[in-house]
Amino acid sequence: MAWNIHFLTTGGMDGMIVNNDIRIRSHVVKTYRGHRQEVCGLKWSTSGKQLASGGMIILFTYGICPRHLQIHQHNGYTG
């Protein structure tokens with residue numbers, strides 16, 4: 001899990017990343033599927049404009065804002 005102001009981002013064993021806006025009842029505002037295996041780590045940048053997610057094989061970075069993310073895949077990640 002990773003916090004970005006009022007967004008709680010979670011990653012699951014199913015490879016899904018979910019942005020939750022804790023201010024609203026229907027809190028899921030965006031879901032992303034990029035990982036083929038479980039999401040092992042999430043971290044928002046200090047600016048709150050980029051999210052990095054790590055898995056068993058690859059690293060993704062996401063840019064713009066929690067509701068509209070652009071995905072960039074970095075192959076060869078071993079972390």
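A residue is termed buried when its relative accessible area is under 20%, exposed when over 50%, and partly exposed in between (1.4 Å probe, protein chains only). By this criterion, 37% of the 79 residues in the protein are buried.

The model is predicted: local features need pLDDT of at least 70, side-chain atom pairs count only at pLDDT 80 or more, and totals for chains, interfaces and linings use all residues. Residues are numbered from 1 along each chain as its sequence is written, and side-chain values use heavy atoms, with hydrogens and water left out.

**Whole chain.** Begin with a cartoon view, which shows eight strands and zero helices; these are DSSP runs numbered from the N terminus (strands E, at least two residues; helices H or I, at least four).

**The four-stranded sheet.** Select E1 to E4, an open sheet in the order E1-E2-E3-E4 with antiparallel pairing. Strands E1 (2-4) and E4 (28-33) stand at the edges; each has a single partner strand, so one side of each is left without a neighbour in the sheet. From one strand to the next, the twist averages 20°, with axes fitted to C-alpha atoms and angles running from 0 to 180 degrees between N-to-C directions. Select residues 16-21 next: this is E3, which pairs with E4 over five bridges in the antiparallel sense. Pairing requires at least two DSSP bridges between two strands. Isoleucine 17 has tyrosine 32 in E4 as its bridge partner.

**The E5-E6 hairpin.** Move to residues 39-44 (E5) and 50-55 (E6), antiparallel strands joined by five bridges. Leucine 42 has serine 53 in E6 as its bridge partner. Five residues lie between the two strands of this hairpin, and glycine 48 in the turn has a positive phi of about 75°.

**The nonpolar core.** Display the side chains of Ala2, Ile17, Tyr32, Val39, Leu42, Trp44 and Leu51, the largest nonpolar core. Such a core is a set of buried Ala, Val, Leu, Ile, Met, Phe, Trp, Tyr and Cys residues joined through side-chain atoms within 4.5 Å. E5 supplies the largest share of this core, three residues.

**Tryptophan 44.** Finally, centre the view on tryptophan 44 in strand E5. Is this residue buried or exposed? Tryptophan 44 counts as buried, at 7% relative accessibility. Its side chain and that of threonine 9 are joined by a polar contact of 3.0 Å, a term for a pair of N or O atoms within 3.5 Å; within protein, one must be able to donate a hydrogen and the other to accept it, and residues adjacent in sequence count only if both atoms are side-chain atoms.
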